[in-house]
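Please keep the sequence and the model in view while reading.

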Amino acid sequence: MSHPGAAARRRLAILEPWLYSAPALILIIVTTLVPIVIGISYAFRNVMLLDPTSGGFVGLDNFRDLMRDASFWNALKNTVTWTASCVGFQFLFGLILALLLNRPFPGRSIIQPIVFLPWAIPTFLIGMNWSWLLNPAIGPLPHWAYALGLMSAPTNILADPNYALVGPILAGIWWGTPFFAITLLAALQSIPREIYEAAEIDGAGGFERFRSITIPFLAPTMLITVMLRTIWVANSPELIVVMTKGGPADSSQIVASYVFTQAYQGLNFGYASAVATALVVLLLVYALLLLSIRQAMLGTR
Amino acid sequence: MRGTSLSRTIKWTLHYAALLAYVAVALFPLYWLFKVSITPNDILYKQGMALLPSKVTLDHYATVVGKSDFLLYFRNSIIVSGVTALASTLLATAAGYAFSRFGFRGKFWIVGLMLVTQMFPLVIVITPIFSIFGVLGLTNTLTGLIIIYTAFNIPFATFLMQSFFDGIPKELEEAAMIDGATRFKALVEIVAPLTLPGIVATVGFCFTGAWGEILFALLLNSSPSASTFPVGLLLYSTRGTVEYGPMMAAGVLALLPVCVFFFLIQRYLVQGLTAGAVKG
C-alpha cells in the first residue's frame, strides 16, 4: 500500500524544484536566449525592416562591411575610452567614499543616504539632467568651465565632435560612484576589527595598515566588481543615446549605442546584429583574458 | 598629547570637508533640476545662473499636469512598472525558493543561464525582439514592455530572493511539513511572511528598473498612446521649441516614485551592511 504512495512522493520531490523555477526559466528562454540566437543569425543575413523580401543568407558580408566602416572603428575606440574612464573614476571616487564612510562618525546616517542617492536615479533622467547642466542656455557648467579658463567660450560640449563623449562620461561617473562605494563599504565592514587593532599595537601607521590589511582584504571584491562592472558599462548605451544620440555625426558612439542607433534609425537589422555580435565576441575575449590572468595570479601564489 | 588631539581635529575636519564635497556633487544636479522647475519663465534666462531664483512659481507643474500627454505617459509608466514589479517578484520568489531549498540536477545550468544572459549586451536582442513582437502584435502595447521588463528583471530578482530565503532556517517549514502541511502551504503561510522585507525590496528594485528603461520603450512603442514617461520626456525635449521649465518639472515628477522607494530601502541597505559587519 505504502509503496506506490512513496514512489509518487519521490517523483513529486524531484519535480517540485522544477515547478517552482519553470515559469521564470521559460520566460527567460523565450525572451532572452531565443532572441540572442536569432540575433546572432541575423548577423549573417540581409534583414531590412521595411523590406519583406529581405532575410536571405549573405554569409560574412555584414562583417566585411563592418571592417570597412570608419564609424564602427571610431565607436570601438570610444568604447575603450568610455569604459575605462567611467569604471576607473567610479572605482577611485567610490573607494575614497567607502573609506570615508567606514568608521562611525556623527551624522553618518544622514550623509550616507544622500551620497548614495545618485545610484537610485533612473539613467534616462540622469542623462537629461546632465545635458541640461551642460547646456549654456539653462545650465551652469559651461559658464563655470569658462570662468575657470577650461573653455574658450561657454559652449555646449555635447555639440562638439571632439569632446562630446566627455558629457556622458561625467554623468556616468556621477551615477556609478555610489555603486562602488556600497560594494566596497560592505567588503570593508567585513574585515575583522581585531586585525587593525593588532597592527596598531605592533606600531603600524595608518598608511601601512591600509596597504597591508585593507588592500589585500578588498582585492578579491575589487577584482570581481571591476570585471563585472566593465562588461556592464561597455554594454550600456543609455546615457549616450539620451545625451548625444551618438552624435554629432557618430563622433560619440560606443559600439552598444551604435547598434541601437543602427536599429532605431537605420532599420538595417542585419548590419546592427553584426555589430552586436562583434561586441559579444570582444567581451568574451575580454572575460577570458581576465580569467586567465586571475588563473595565472592564483598559480603563482 | 596636545599634538595628537590637534592632528585629530585636522583629520576630522578634512574628513567632513571631503564628505561635504561628495554631498554637494551628489545633490547639485538634482537641486538644479528642482530650481529650474520652480523658476518663473520671465526670470529663467535673465537670472539663469543664479543659485537661488528671486521668486518661485508652481506654473510649470500646472503646465505638466494640465498637459494631458504627460498624464498619459505617467499612467502608462505606472501600469508597466507596477505589473512588471509584481510579476517579476512572483516568478523570482518561486525560482529563488527552489534555488535556496533544493539541490537538483540542472540547477547549475539554470543558474549559469541566468548569469550568462545578464552578461550579454542587451542591444543584441533588440532587433530580434522587435521582429518577434511585430509578428505577435505586441509592439505599441504595454503588454509587450511588461513581458520584456519582467524577463530582464528576473535573474537579479531571483538571486536577491534566494539570498533572503537562505537567511531563513529550513527547520521552520520542515516542522510545518511534519505537522502535515504541504511544502507549498508552508512556503505561503510561514516562510513568505518572514521574507516580506525582502519581497518589498525586490518589488522596489524591479519597479525602479522598469520605471527608467528607455531603449526598448523607445524602439518598441512609437505611438504616443503606448509611450512610457521616459520616452515622452525625451521626445518632448527634442522638439523644435523647448520649454525648459515644464520639462524639468516633469523630470522632478518622474523622480518622486524612485526617491520614495530609495529612502524606504536605504535604511534596509545600511542594516544589511551592519548585519554583515556584526557577522564578520
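In chain B, among contacts between residues at least 6 apart in sequence, 74% join residues at least 24 apart; two residues are in contact if their C-beta atoms, placed from the backbone, lie within 7 Å. The model is predicted, and local features need pLDDT of at least 70, side-chain atom pairs count only at pLDDT 80 or more, while totals for chains, interfaces and linings use all residues. Residues are numbered from 1 along each chain as its sequence is written, and chains are lettered from A and ligands numbered from 1 in the order in which they are written.

Chain B has 13 helices and zero strands. Here helices (H or I, at least four residues) and strands (E, at least two) are DSSP runs, numbered from the N terminus. The radius of gyration of chain B is 24 Å, well over the 19 Å that the globule rule gives for 280 residues, so chain B is more spread out than a compact globule. The radius is taken over C-alpha atoms, and the globule rule is 2.2 Å times the number of residues to the power 0.38. Along the principal axes, the C-alpha atoms of chain B fill a box of roughly 80 × 75 × 35 Å. Of the 280 residues in chain B, 41% are buried. A residue is buried if 20 or more other C-beta atoms lie within 10 Å of its own, exposed if 12 or fewer, and partly exposed in between, with C-beta atoms placed from the backbone.

How is chain B divided into domains? Domain 1 covers 2-44 and domain 2 covers 67-279, with bounds that come from an automatic or database domain assignment. The C-alpha centres of domain 1 of chain B and domain 2 of chain B lie 33 Å apart. Where the two touch, domain 1 of chain B supplies seven residues and domain 2 of chain B supplies six residues. On the side of domain 1 of chain B that touches domain 2 of chain B, the elements giving two or more residues are helix H1 (2-37) and helix H2 (41-44) of chain B. H1(B) gives the most to this side, with four residues. By class, this side of domain 1 of chain B has four nonpolar, three polar and no charged residues. In this division Ala, Val, Leu, Ile, Met, Phe, Trp, Tyr, Cys and Pro count as nonpolar, Asp, Glu, Lys and Arg as charged, and the others, Gly among them, as polar.

One residue of helix H2 of chain B is B:Leu44. Is B:Leu44 buried or partly exposed? B:Leu44 counts as partly exposed, because it has 17 C-beta neighbours inside 10 Å. Leaving aside residues up to four places away in sequence, B:Leu44 touches B:Val36, B:Thr39, B:Tyr244 and B:Gly245. B:Leu44 and B:Arg101, by contrast, are 57 residues apart in sequence and 59 Å apart in space, C-alpha to C-alpha.

Attention now turns to the other chain. Chain A has twelve helices and zero strands. Its radius of gyration is 25 Å, well over the 19 Å that the globule rule gives for 301 residues, so chain A is more spread out than a compact globule. The C-alpha trace of chain A spans about 90 × 80 × 40 Å along its principal axes, and 40% of the 301 residues of chain A count as buried. Among contacts in chain A between residues at least 6 apart in sequence, 64% join residues at least 24 apart.

Helix H7 (residues 166-189) of chain A has 24 residues and reaches 34 Å from its first C-alpha to its last, close to the 34 Å expected at 1.5 Å a residue; the expected span is 1.5 Å times one less than the number of residues. H7(A) has a kink of about 30 degrees at A:Gly176, shortly before the proline A:Pro178. The bend at a residue is the angle between axes fitted to the seven residues ending there and the seven starting there. H7(A) is mostly covered, with 20 of its 24 residues buried.

Within helix H3 of chain A lies A:Val87, which counts as buried because it has 24 C-beta neighbours inside 10 Å. Not counting residues up to four places away in sequence, A:Val87 touches A:Val226, A:Arg229, A:Thr230 and A:Val233.

Finally, the two chains meet in a contact that takes 65 residues from chain A and 68 residues from chain B. H1(A) gives the most to the side of chain A that touches chain B, with 17 residues. The residues of this side of chain A divide into 50 nonpolar, 13 polar and two charged.
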